[in-house]
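Here is a friendly briefing to read with the model open beside you. Take a moment to look it over before you start.

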Amino acid sequence: MRDLPITLDPFSATEVLLLLRNVRRSWCLNPTFKMKRKLSSIQRPFLLHISGAYRTTPTAALQTILSIPPLHMQLQFEARFTSIYRLRIPLPPFITDTQPHDLEMKATGWSTHPSEHLKPNQISFEDGEAYIARKDIINIFTDGSKTEHGVGTAFCVLTNDIWAYQWSAKLNDNNTVFQAELTALHEAVIYASHLPNHNTSKIHVDNRASIMESSNSKSTNETARKIFKILLSNPRIKVSWVKVHAGNIGIERADQLAKDATQHGQPYSHTKLPKPHIKGLLRKRMLREWQTSWKNGDIGRKIYNIMPSVSLHPTNWIREDVIFFSQHGPFPAYLKRFHLSDSDYCSCGGIGTARHYATQCIYTVSWHMRKPAPNFEQEWLKRVANNLVSRQKIRGIIKFISENRDLFRPP
């Protein structure tokens, strides 16, 4: 039998290409020691350029100062995210207890035929604050809420000025307000689709983004696709945006129901965890690993004594701050240590350390600070680093030394 060529439909080919790309992105899932060293050597020139530090400054110290994690940890973070979110490969429990089936995934392919669209009058972005009290129109109001107690979603039905029905539920605490709004709209359109055909249902929503997502036939959100399909098969269901719900009794009632549901609502497990949730968990894991590495390291201890905790929030240190606190700068003691000078003495007669110029040197008296006791030098450095006025003095000292280096060299 003659061999037949293997063909792939466009969607399958696209998915294969995405899979191959994601596999390439997950190559750093378990970096070796050699890979870590290579990635560190790649990252180091950029850290030196950004900070303006001397080239002997430890890489680990620069990463902590600039709030930039080691490159291999950042790549490992991306690889872990790609594995669980895109490749849908479970990670070990010590990394995260969230599994792929718990996450909200992007839908692929077409949800409906491209020629199918909602009726022009089904979606309205005009401010629908005033609802119409008519016997043949059923008004439904939806809302989602997130408080310190959790995430709630709700809708209520108003017919002939009578509250005919209400529904509320409590989502996972890690769900977003947008998910709560979409869930409320989804449950509302399901309710409206089961009403008698002679009734027109008008759903009032105060979240414009959820309406736009649900009326988009190309949406990749699973809940939005379900809403679109129900609206497509039920043209009598209309969705209207409410710009401001102050004074709108329907939206205010739905809002109160959603807030009450954050504490007392029935659990709702159909809405899966959002993409930012797994990223947050993996980022916390990366920070813990970075903190352990920084704590147990044997280099950059001068900076560690000042900044014992790593963070992703910038420290706002400039070049002069880095030079002074790392003590890698135009100081005779530093130059002697790296065999760049024959003496570690300042021209004033003292040992040319960073602390000497900040507290004793006669040439920098304009910027002097109180000299700390020998046993309290680390506490003094921490206090100086956290005080903007003291840091301004430090910057003045470093700039003066850098511009007048010959003045500080011993004869």
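The notes below cover the domains, the contact between two of them, the sheet and the salt bridges.

This is a predicted model, in which local features need pLDDT of at least 70 and side-chain atom pairs count only at pLDDT 80 or more, while totals for chains, interfaces and linings use all residues. Residues are numbered from 1 along each chain as its sequence is written, and side-chain values use heavy atoms, with hydrogens and water left out.

**Domains**

- The protein chain is assigned domain 1 (13-103 + 273-306), domain 2 (123-271) and domain 3 (316-407); such bounds come from an automatic or database domain assignment.
- Taken over C-alpha atoms, the centres of domain 1 and domain 3 are 34 Å apart.

**Where domain 1 meets domain 3**

- Domain 1 brings 13 residues to the contact and domain 3 brings 18 residues, with contact meaning heavy atoms within 4.5 Å.
- The two domains bury about 1,400 Å² between them, and 65% of that is on carbon and sulfur atoms. Buried area is the accessible area (1.4 Å probe) that two parts lose on being put together, summed over both.
- Tyr 54, Lys 302 and Ile 306 supply 46% of the area that domain 1 buries against domain 3, more than any other three residues.
- Between domain 1 and domain 3 there are 0 salt bridges, a salt bridge being a side-chain nitrogen of Lys or Arg within 4 Å of a carboxyl oxygen of Asp or Glu.
- Across this interface, 4 residue pairs are in polar contact, both residues being at pLDDT 80 or more. A polar contact is a pair of N or O atoms within 3.5 Å; within protein, one must be able to donate a hydrogen and the other to accept it, and residues adjacent in sequence count only if both atoms are side-chain atoms.
- On the side of domain 1 that touches domain 3, α3 (59-66) and α10 (301-306) each supply at least two residues, and α10 gives the most, with 4 residues. Helices (H or I, at least four residues) and strands (E, at least two) are DSSP runs, numbered from the N terminus.

**The sheet**

- An open sheet of 6 strands has the order β1-β6-β5-β2-β3-β4, with mixed pairing; two strands pair if DSSP finds at least two bridges between them.
- Its edge strands, β1 (123-124) and β4 (162-171), each pair on one side only.
- β2 (residues 137-147) runs parallel to β5 (residues 200-205), joined by 6 bridges, and Phe 141 has His 204 in β5 as its bridge partner.
- β5 also runs parallel to β6 (residues 237-241), through 5 bridges.
- β2 and β3 (residues 150-159) pair in the antiparallel sense over 9 bridges, and Ile 140 stands opposite Val 157 in β3.

**Salt bridges**

- The whole structure has 7 salt bridges. One of them joins the side chains of Glu 289 and Arg 80 at 3.1 Å, N to O.
- Glu 289 lies in α9 (residues 275-296) and Arg 80 in α4 (residues 71-86), so this pair ties together parts that are 209 residues apart in sequence.
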